[in-house]
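Please keep the sequence and the structure in view while reading.

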Amino acid sequence: MGSVNHRRYISAEQRSEIIRRYLAGERDVDLAREFGLSRSAPALASRRSGHGPRQRKPRCTATHDAFSVITPESAYWIGFLMADGSVSDKRGVSLALAAEDAGHVVKFRNFIRATHKINVHRRGTWNGYVRQDLHKLSVISRRMTSDLARYGVVPRKSRLEAAPVCLLMNSDFWRGVVDGDGWIVVA
């Protein structure tokens with residue numbers, strides 16, 4: 001990789017191409033690297049040519065109030081997340097499952113209408129056992145974590161889980177719990 005020339009002169013054609021591609025959404029860092037410029041050069045060239053700031057595309061979207069009302073589907077996912085999900089005060093809601101259960105991650109993403117990418121985490125061997133890859137969806141949403149907390153799906157919930165009173169007799173909730181962890185213990 002060559003060094004960055006902060007005073008590099010470029011032709012009018014190159015400047016036009018940089019501006020066109022920058023306004024079309026290409027990353028400034030990629031354009032700067034390709035043309036041997038500083039990272040700020042594409043944005044500066046765009047501003048100097050009279051264009052306003054580039055409109056950023058919305059990153060990822062989701063239905064943040066998916067758990068604000070109990071429906072058969074939301075009850076199912078509350079149970080599933082209670083059994084096998086993860087909630088963080090800062091990171092929101094995550095669902096990470098082995099490759100054989102990746103379809104559930106897709107179904108959860110569809111339920112909350114998220115546009116987030118499902119990340120695949122490659123896992124190697126452990127004590128000679130080949131572990132399956134993890135398929136993980138994470139959504140940052142204070143509203144979602146707040147709504148889930150009302151039903152006992154909270155950070156560090158392990159060994160503290162208890163069915164919320166409003167869902168004790170809800171078969172969709174229990175179906176989610178069983179699908180998420182595969183078993184129930186009655187104490």
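## Terms and model

An axis, as the word is used below, is a line fitted to C-alpha atoms, taken for helices over the stretch in contact, and an angle runs from 0 to 180 degrees between N-to-C directions. The structure is a predicted model.

## The sheet

Four strands form an open sheet in the order S1-S2-S6-S3, with antiparallel pairing. Strands S1 and S3 stand at the edges, and each has a single partner strand, so one side of each is left without a neighbour in the sheet. On average, and with direction ignored, neighbouring strands of this sheet are turned by 25 degrees against each other.

Strand S2 can be followed through its pairings on both sides. Strand S1 (residues 86-88) runs antiparallel to S2 and is joined to it by three bridges, with Val 87 standing opposite Val 93 of S2. S2 also pairs with strand S6 (residues 134-139), again in the antiparallel sense, over six bridges; here Ala 96 has Lys 136 of S6 as its bridge partner, while the partner of Leu 97 in S6 is His 135.

Helix H4 lies across S1 and S2, and runs at about 75 degrees to S2. Helix H6 packs on the sheet as well, where it touches S1, S2 and S6, and its direction makes about 80 degrees with that of S2.

Two packed helices are described by the angle between their axes and the distance between the axes. For H4 and H7, the angle is about 35 degrees and the axes are 6 Å apart, and the crossing of H4 and H7 is right-handed. Among the residues that make this contact are Ala 75, Gly 79 and Ala 83 of H4, together with Gly 176, Val 177 and Gly 180 of H7.

In soluble globular proteins, nonpolar side chains tend to be buried together. The largest nonpolar core here has 30 residues, of which Phe 67, Phe 108 and Ile 112 touch the most other members. The elements giving two or more residues to this core are helix H4 (72-84), S2, H5, S6, helix H6 (142-149) and helix H7 (171-181), and H4 gives the most, with eight residues.

Leaving aside neighbours within four places in sequence, Phe 108 is in contact with Phe 67, Trp 77, Leu 81, Val 93, Leu 95 and Leu 137. Apart from this core lies another, of eight residues, among them Tyr 22, Leu 31, Leu 37 and Ala 41.

## Two residues in loops

Where does Asp 133 lie? Its place is the loop between strand S5 (129-130) and S6, and its side chain makes a polar contact with the side chain of Arg 122, at 2.3 Å. If residues up to four places away in sequence are not counted, Asp 133 touches Leu 97, Ala 98, Ala 99, Val 120, His 121, Arg 122 and Arg 123.

Arg 113 is found in the loop between helix H5 (102-111) and strand S3 (119-121). This residue has a positive phi of about 50 degrees although it is not a glycine. Arg 113 has a relative accessible area of 61%, and is therefore exposed, since exposed means over 50%.

Methods
Residues numbered from 1 in each chain as written. Predicted model: local features only at pLDDT ≥ 70, side-chain atom pairs only at ≥ 80, totals over all residues. Heavy atoms only, no water. Buried < 20%, exposed > 50% of the residue type's maximum accessible area, 1.4 Å probe, protein only. Pairing = 2+ DSSP bridges. Polar contact = N/O pair within 3.5 Å; in protein donor to acceptor, adjacent residues only side chain to side chain. Contact = heavy atoms within 4.5 Å. Core = buried A, V, L, I, M, F, W, Y, C linked by side-chain atoms within 4.5 Å. Left-handed = near helix turned anticlockwise from the far one by under 90°.
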